[in-house]
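Please look at the sequence and the structure first.

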Amino acid sequence: AWFQAPSLRRVFSVLNAEGGEARIVGGAVRDALIGRPVADIDLATTLTPDEVIARADAAGIKSVPTGLAHGTVTLVIDGKPFEVTTLRRDVTTDGRHAEVAFTTDWEEDARRRDLTINALYADAEGRIYDHVGGLPDIESRTIRFIGVAAERVAEDYLRVLRFFRFFAWYGSGRPDAEGLKACARARDHLASLSAERVWSETKKLLTAPDPGRALLWMRTSGVLTAILPESEKWGIDAIPGLVSAEDAFGWTPDPLLRLVAMLPPDAERIAALCQRLRLSKSEAARLTRWAACLPIPEKTAEAALDRRLYRDGTDGALMRLKLDLALAHSKRETEPEALQRIAALQRLLARTERFEKPRFPLTGADVLAAGVPAGPAVGDILSMLEEQWVAENFAADRKSLLTRLATAVADAKPSN
Ligand code: ATP
Ligand code: MG
């Protein structure tokens, strides 16, 4: 159905007219052949970027020069983006950026791609073009570099992480031996990659349905330690249990949770990791809150949990509880004690997921209105009342808090 989408037909009709030619390439072809949902559609074309833009203009299609330097124009049809890239061949490379030149030769374009499964093309009629043996590799779920693995890796060391990422998503059995060896030998070069590229690939790897096997091979080849020296020696042992718990409890796979499962809860090292890999602010905040979150005993009463969540937020607690649950689950104990522990943790988790931070009913304006002069005392009184209110499980309403406020103000006044 995705192949017949009117927006895609439109792209083809514009680019395929008058001697031009376009084919779908990369992830979309791969995923369609494997039977996974197709996300973005990238196209390769014999037309130059200028020609693509001119044709889009003439057809009234919006075009955005998203990567002119490497030949990419994004066409937007019905709000859907299509990345259209002119066929290229590599000219030079320094292991971090490749310099490319345009070409009209499909095979040259295929040869500069990383993996055989990523170098398949499909034309407007759905015919598949395979210049590098990608089809049999898709069939056998083999992740293989195009050409000599060691050379391809040396052209762009990010391909090491892509090798494991695609192995995590699509690979079966053992990784291709030549590729694995090339990746292992390149591990000391990974430090030269930009942090953003490394983190983006790592996150995609950690989002795979089951990244456990790939992580194991990354560990044995020394690649995991090269990009994540914080990961504990046996950290990846927690991954299969977590994946199984996600399945059993219906959790959406969460790359950050999978990451922390491999890390020691050491705030300083976590902070260093977030900086080194340039995690986004919100990602870093989640990891930091997790590292700061003390264990939540399974016997915690609901009211005590609520107070804790009010003070510390839910982020860290959610991750803690899920990891504890995954651990309990992975022991596969059937003893009543273990089952009780799982049930208790599930209860705490459900409550944490439902928790909505209650709003403290008073503000600074109320304190001022009660006659406290502007200054630090306003905040002090407010925090004192708020802390009482939390300690009493948020029971007091605005009216009774105002009465308390009045009393506190009267008590604080020197009585003469
Ligand atoms: P997805 O978008 O689902 O992650 P994808 O295959 O589309 O997977 P992208 O990173 O979007 O991956 O890249 C698009 C295509 O560009 C790839 O399929 C591959 O052919 C080529 N490619 C991407 N990165 C590299 C690289 N570092 N070296 C060589 N070719 C690459
Ligand atoms: Mg893509």
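Helix 1 (residues 6-15) carries the exposed residues Pro6 and Ser13 on the face turned away from its buried side. Helices (H or I, at least four residues) and strands (E, at least two) are DSSP runs, numbered from the N terminus. This is a predicted model, in which local features need pLDDT of at least 70 and side-chain atom pairs count only at pLDDT 80 or more, while totals for chains, interfaces and linings use all residues. Residues are numbered from 1 along each chain as its sequence is written, and chains are lettered from A and ligands numbered from 1 in the order in which they are written.

**Helix 1**
- The buried residues of helix 1 are Val11, Val14 and Leu15.
- They lie on the same side of helix 1 because they cover an arc of only 90 degrees around the axis (the arc of the directions from the helix axis to the C-beta atoms).
- The cover over these buried residues includes strand 1, strand 2, helix 3 (49-59), strand 4 (72-77) and strand 5 (80-86); contact here means C-beta atoms, placed from the backbone, within 7 Å.

**Strand 1**
- In strand 1 (residues 22-25), Ala22 and Ile24 are buried on one side, and Arg23 and Val25 are buried on the other.
- Strand 1 runs antiparallel to strand 2 (residues 41-45), joined by four bridges; strands pair if DSSP finds at least two bridges between them.
- Two bridges link strand 1 to strand 8 (residues 120-122), also in the antiparallel sense.
- Ile24 has Leu43 as its bridge partner in strand 2 and stands opposite Ala122 in strand 8.

**Ligand 1**
- Ligand 1 is surrounded by 13 residues, of which the closest are Gly26, Gly27, Arg113, Asp114 and Asn118; a residue is near if its C-beta atom, placed from the backbone, lies within 6 Å.
- Helix 7 (residues 158-170) gives the largest share of this shell, three residues.
- Domain 1 (1-140) and domain 2 (147-226) each supply at least three residues of the shell.

- Ala369 is part of helix 19 (residues 364-369).
- Ala369 counts as exposed because 11 other C-beta atoms lie within 10 Å.

Key. Buried ≥ 20, exposed ≤ 12 C-beta atoms within 10 Å, placed from the backbone. Domains from an automatic or database assignment. Contact = placed C-beta atoms within 7 Å.
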